Amino acid sequence: MSVELPKPTVYDPGDDVVEVVRGPDPGGAAGFYRAFGETLRGLKTTLGRLVEGPVTIQYPEEKTPVYPRFRGRHKLHKFEDSDLEKCVGCSLCAAACPADCIRVVATDNDPNDPTSAGERYAAVYEINMARCIFCGYCEVACPFDAITLGHDYELADYNRSDLIFTKEMLLAEPVERTPLRREGE
Amino acid sequence: MPEEKDMSGKSNVGESVDAGEENVTSSDSAVAVQVPSLSYESPFTVVDALPPGYSKRPAGEPERNVISFTIDGADVRAPEGIMLVDAAKYGGVEIPVFCYEPKLGAPVGACRMCLVEIEGIPKLQTACSTPVRDGMAVSTRSPRVIEAQNSVVEFILANHPLDCPVCDKGGECPLQDISYGWGRGKSRFAEPKRHFEKPVALSPSIAIDRERCILCYRCVRFSQEVSEDYQLVLLDRGADSHVGTFDGNEYVAPFSGNIIDLCPVGALTSRAYRFRARPWDIEQGGSVCSMCPGQCNVDYTVRDDKVMRVQARENAAVDDGWLCDRGRFAYQAWESDARITQPMIRQGEKLMPARWDHALEVAAAALKKSGPRTAALAGGGTTNEEGWLLRRLMLEALGSPHFDSRRGGKLDADVARTLTEPAVTLSVPDVEWADAIVVIGSELVDEMPILDLRVRKAVNRNGAALAVATARPSSLDDKASVTARMAPGRDDAFIQALLAALAGNDVGDLASRAGADAENISQIAGLLKNAKRPAVLWGERMLYASTGTASAKAICNLVAMLGLAATDGAGHLQIPVQANGRGLREVGVLPNLGPALSDSATQGMSSDEIADALGDELSAILLLGTDPILDSPDGARWDAALRAAPNVIAFSSWLDPATERHATVVFPAEVGPEKEGTLTHPDGRIQRLRQTVDHAGEVNSGWWVLDQLAARIGVDFGVKVVHQVTAQIAEGVSIYAGISSNEIGGTGVRWQERTAASNLPAPARSTFDLEIPPAAPQAAPGSSSLRFGTFRSLWSGADVENAATLAPLVTASRLELSPADGQRLGVATGDSVTLTNAAEGKTTAVVALRDAVPTGSAFLLDSQDDGLRRIAAGRPELVEVTP
Ligand code: SF4
Ligand code: SF4
Ligand code: SF4
Ligand code: SF4
Ligand code: FES
C-alpha cells in the first residue's frame, strides 16, 4: 500500500527577505578545489605541528605552574612566635563569602590557655571547598590576615563531605604540590 | 537594615573607621541645593500612631494636639510635645542617638550625638531633649550639624578601642552604624586610649568591658529609674569613669539583663551568648515567653536550630520592651542534659526509655482501663490548644469530668464570671494610667515580674498613688504611699475590712481579724475613694489559701463597691499563679465550668478533691506540664496522692519529683520555642506562641500526643496541625469566637475588645454575702510560734536551676524573720533553725533576717525540699521556730 506523501514545497520567504546568499554550485573546477585544495591546506597545519613534538602536560606527574597571586586552597595562619591562632573567630570572612561556604562558631578564649590572641577564638572553622568559588573575599575581609588563599588546586576527592575542610586541615601546613610560575614565564 | 549592619561590621575592622566620606559629600550637596518647602505625604505621617499592641489609647492618657513643623525642608505633622528625635521619624528622618531611649523616661542629653540646628536658636540643640513645637524649622544635615555629628563621633571614638572583630556587638552595634553613617571616618587623636581590664563579670549573666563604654548612662538609668534596684552607678570621674555596682558586688537583680539590650555598644554583653553567633549567622523568631503570667513578647535568636539568646520584642501593651532575667536567661536550661527528650516507661522502680508508639500504647491502655476514673491537671505553660484537647480527651474519650487547671478548690461560677466581665478587667496599659493602684496579696516581682515595672512606671511618670497590702513585705513598698501588712493567708478579712472602710463602717474588728492595722486600711480606702481610675491588682495565690473562696467573693464585692465597671480605665487584674491560668480557665479546663465559663453538664473534682480521691475513686492521672508536688501549696499531700495512683502519665521536660517518683509513663514535653499555639494573658490578650526551633531529641508536640492518645482510645479529634485546634477553639469557646492566628498576629488581641466578648454568660449575682472571717492566728506571748506564710521566688523551677548563669541564684531554703524575732529567738541570718508543724513534724531551714518583715511572722520559701514542703502541708497558720 502506498501512501501519497505531500509534495515537498520549496520554502518561499516572500517579500520578507532582502537578500539570499547561496554557496557556489558544486561541480567543475570549484568542486575540485574544494575537495583537494582545502584539504591539503588543513593538512599543512597538522603536519607542521607534527615536527614540533608533543606539548601535553603529563598531569599528575607534571603540574602547571601557577601565578603567585593564584587563589587556591585556603590556609589558616598562626603567629610564628607564640603559636597562637591568628583567627579570632569574628565571622567576618563568613559574612563576606558570596558562596556562603564558611562556617565559624566562636567561643570564649581561656586566658590561661589561649588558643588565639584575642578574647575569642574559632571553635569551629569550616570551609566547604565544594562550594567555594575562590574569589578571595574571605582573605580581604579578615582583619587579622588569619586566612589566605594558597596555590594548591588539587582538591578533588571521592566524597563530598571530605570537601568540608576543618580548622585542623586548614591550619596544617599544606603539602606544597603546586609549582609557582617563574618570573616572566 | 541587616545589609547595612554587615557593611558596617566590615568597615570598622582595623584601627580606624574609614567611612562616612561619601555620606558627607552627598548630603553636602543635598544641603547646597536648597530644597523648597515640600508638602509631602510621607508614609510615616501617621500622626495618631499608637505604640505596638495598643488598640486604643488608654483612658487616662492625655491626648496630644497635632502640630506641623519642617525638617530638612519637608513639612511634617507630628504630635505636639514629643521629642524632636521622635518627631523627625514622622518625616522619615533619622537622627542618630546613643543615650536617648524613651523607655527610660526623661532624656538626659548625655552623648550629644543628636545635635540639630533649629531656626532662631543660635546654638545647636539636642534633638532628644527638645520637644517639637508648631512651626519649628529643623535641619539635621546642614554643614554645621554635619560638622558637629562628625566631631561627636570622633570624640566618642577617642577612647573607644574599636576592637570590633572580637567584640560581641559587632554587626548589630549602633556605634558601628553611627560611625559609618555620621562619622568623619578619620580620627585626629594620636594619644593612647584609656585601658581597663578586659571583660570582667558584672554578674553571673553579664560581662562588662569598660573600655568600650561610651558613658551613655542608659544602664545606670535603667537600674536607678526603671527597675529601681539602685545598684548600678558611674564610678570615678573623667576618663576613669566606668560603670559598676555601688558596693562592688555582683549586679544581681530581677531585671538586670535588660541592660544588655540597652547598651548601644559592646560594653555589656550576655555571658551565655558571648561569641556564640554573629547577626548574619542567626535568625530571630518572635514568640511569647510562657514562664510566668506576664507573657512577655520575646525574640528567640536561633543558630543551628538552637536558641542562643532571648531578647525582648517590644509590645507596649504587654511588656513595654523589657524582660525579666528568668525569661531572658532560662533558655540555657533547654539544652541541658537534665531535659527529658524521649518517652519513658516505668519498669520496676526505674524509668526506662521507650519507643513512642509503645509509650502511647501503654498510656492509652492505662487511660482506657481507668476511663471515667481518670483525672488530669494542666500546668502553667499549657497552651489553650493543649487545654482544649485535654478537655476533649477527658470528656469525649474517657468520660471523666475530673480535670482542673487551678490548684485548690472549685471556682464559683458567679465569682468567675463577675471577675471576668470585660468592663471590670484592666488592660496592662490601663495600669500605667490608673491614678490609684492597690496591690493585694501578690508580690509582683516574683509572680508577674514585668508588671512590677509597669506599676513603677505608673507611679514615677504618671503620678499614680500606690498602696500595697500583703502579708510579706513587697519590693514595691518603697513606692507605695500606703503599705499595709496582714497575717499570712488573711486576705479575705483584709478585703472585708477594706470594704467596711469604703462603706464608712467601723474597721477595727475586721482589721484585727486580718492582722492588719485599721489606720492603714482607712488610708487605702481613702485613696481608692478619691481615685478617678482605681486599679486593683490581686494575686490568685490568695484563692488557694483555706480562706480562698471567701477572698474571691470579697474581691467581687470590692469590684462592685468601687464601681469599676462604670469607669473606662478602672478595673481589676488578677495575677494568676499559672502562666496561662486565664486561658485554661476560659477554654474550659475547669471541673465545674465549660468553655467561656459556661455552665457545664458535668461536675468533676477540683484539684484538691482529686488529690484526696487518687488511689480510691480515681485510678489514673494525666499531668500536663505540671508537678503538683512543686506547683501546689500543698505539695506533701500530692506526693502521697500520686504514690497511691496506679497510673501517672506525665508530660514533662524535667525529672521533677512527680515524674521521677510517680510517673508510670513520661512523655517528653516541649519547651517555649518548640511550641505552637495560643496563650491568654491575664488581661485577656490572646497571644501566639510560634515555633522557632525543631523539637529536641524525640520530643513531640503536646497537642499531638493528646490526639494520638484519643485516637488509640477510639476518638478522632480531626486535627492534623495545631491551627485546626485553634479553629476548634474559635468555634467552641464563645468569647473567642472566630479568633484566628492571623487576627492574633504578632502583638495579640484582647478578646474583651472583640464583639464576641458579649457572649460571656452574665453572672447570676455579682455581690456576695460574706461571713465574718475567723480571727487571725495568735501565738501565745513569749512562745516560739510565729505566723506562717510561704512565698515563691522568681529564682526557682527546673528551668532556672538548669540554666548555667541563673543556677547560682537559686536558694534552697530561706525562712524570713523580723530582726526582733531573730533577737528574741537568738538566731541571725544564715543560722539554721528547726521548724515544727504540730501535725507534720520537724525540719530545718536557713534564716534570713529582713527588716521589713512584721514581727511575729515567718515566711518560708517554696522549695523542692521534702522536709520543708511537709512543714507547709495542710497550710498551717502557726509554726514553731526554735534555734
Ligand atoms: S574564596 Fe570566596 S567563596 Fe571561597 S571561602 Fe573565601 S569568600 Fe568564600
Ligand atoms: S579568619 Fe579572619 S575573618 Fe575569618 S573568623 Fe578568623 S579572624 Fe575573622
Ligand atoms: S562596641 Fe564593639 S562592635 Fe561596636 S564599635 Fe565598639 S568594638 Fe566595634
Ligand atoms: S555600659 Fe553601655 S549602657 Fe552603660 S553607660 Fe556604658 S555604653 Fe552606656
Ligand atoms: S541622644 Fe541626645 S544627647 Fe544623647
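Strand E29(B) gives the most to the lining of the largest cavity, with four residues. Strands here are DSSP runs of E with at least two residues, helices are runs of H or I with at least four, and both are numbered from the N terminus. The model is a predicted one, so local features need pLDDT of at least 70 and side-chain atom pairs count only at pLDDT 80 or more, while totals for chains, interfaces and linings use all residues. Residues are numbered from 1 along each chain as its sequence is written, chains are lettered from A and ligands numbered from 1 in the order in which they are written, and side-chain values use heavy atoms, with hydrogens and water left out.

Back to that cavity. A cavity is a set of points, on a 1 Å grid over the protein atoms alone, where a 1.4 Å probe fits but cannot get out, and its lining residues have an atom within 4 Å of a point. Grid points are joined across faces, edges and corners, and the volume is the space filled by probe spheres set on the points. On that basis there are 14 cavities of 30 Å³ or more, and the largest has a volume of about 740 Å³. Its lining is made up of 36 residues, with Pro488(B), Gly489(B), Arg541(B), Gly789(B) and Thr790(B) nearest the centre. Helix H13 (444–447) and strand E29 (785–791) of chain B are the elements that give two or more residues to this lining. By class, the lining of the largest cavity holds 15 nonpolar, nine polar and 12 charged residues. Ala, Val, Leu, Ile, Met, Phe, Trp, Tyr, Cys and Pro count as nonpolar, Asp, Glu, Lys and Arg as charged, and the others, Gly among them, as polar.

Now for the ligands. A residue is near one if a heavy atom of the residue lies within 4 Å of it. Ligand 1 has 14 residues around it, the closest being Cys97(A), Cys132(A), Cys135(A), Gly136(A) and Cys138(A). That shell has 12 nonpolar, two polar and no charged residues. Ligand 3 is surrounded by 13 residues, and His160(B), Cys164(B), Cys167(B), Cys173(B) and Gly266(B) are the closest; the shell around ligand 3 splits into six nonpolar, four polar and three charged. Around ligand 4 there are 13 residues, of which Cys213(B), Cys216(B), Tyr217(B), Cys219(B) and Cys263(B) come nearest, and the shell has 12 nonpolar, no polar and one charged.

How do the parts meet? Between the chains, 18 residues of chain A are in contact (heavy atoms within 4.5 Å) with 19 residues of chain B. The two chains bury about 1,500 Å² between them, 55% of it on carbon and sulfur atoms; buried area is the accessible area (1.4 Å probe) that two parts lose on being put together, summed over both. On the chain A side, Leu92(A), Glu119(A) and Arg120(A) lose the most area to chain B, together 41% of what that side buries.

Within chain B, an automatic or database assignment sets the domain bounds: domain 1 (344–407 + 580–673 + 699–717), domain 2 (413–575) and domain 3 (785–882). The C-alpha centres of domains 1 and 3 of chain B lie 31 Å apart, and 13 residues of domain 1 are in contact with 13 of domain 3.

Conventions
1 Å grid on protein atoms, 1.4 Å probe; cavity = no way out; pocket = protein on both sides within 12 Å on 5 of 7 lines; lining within 4 Å.
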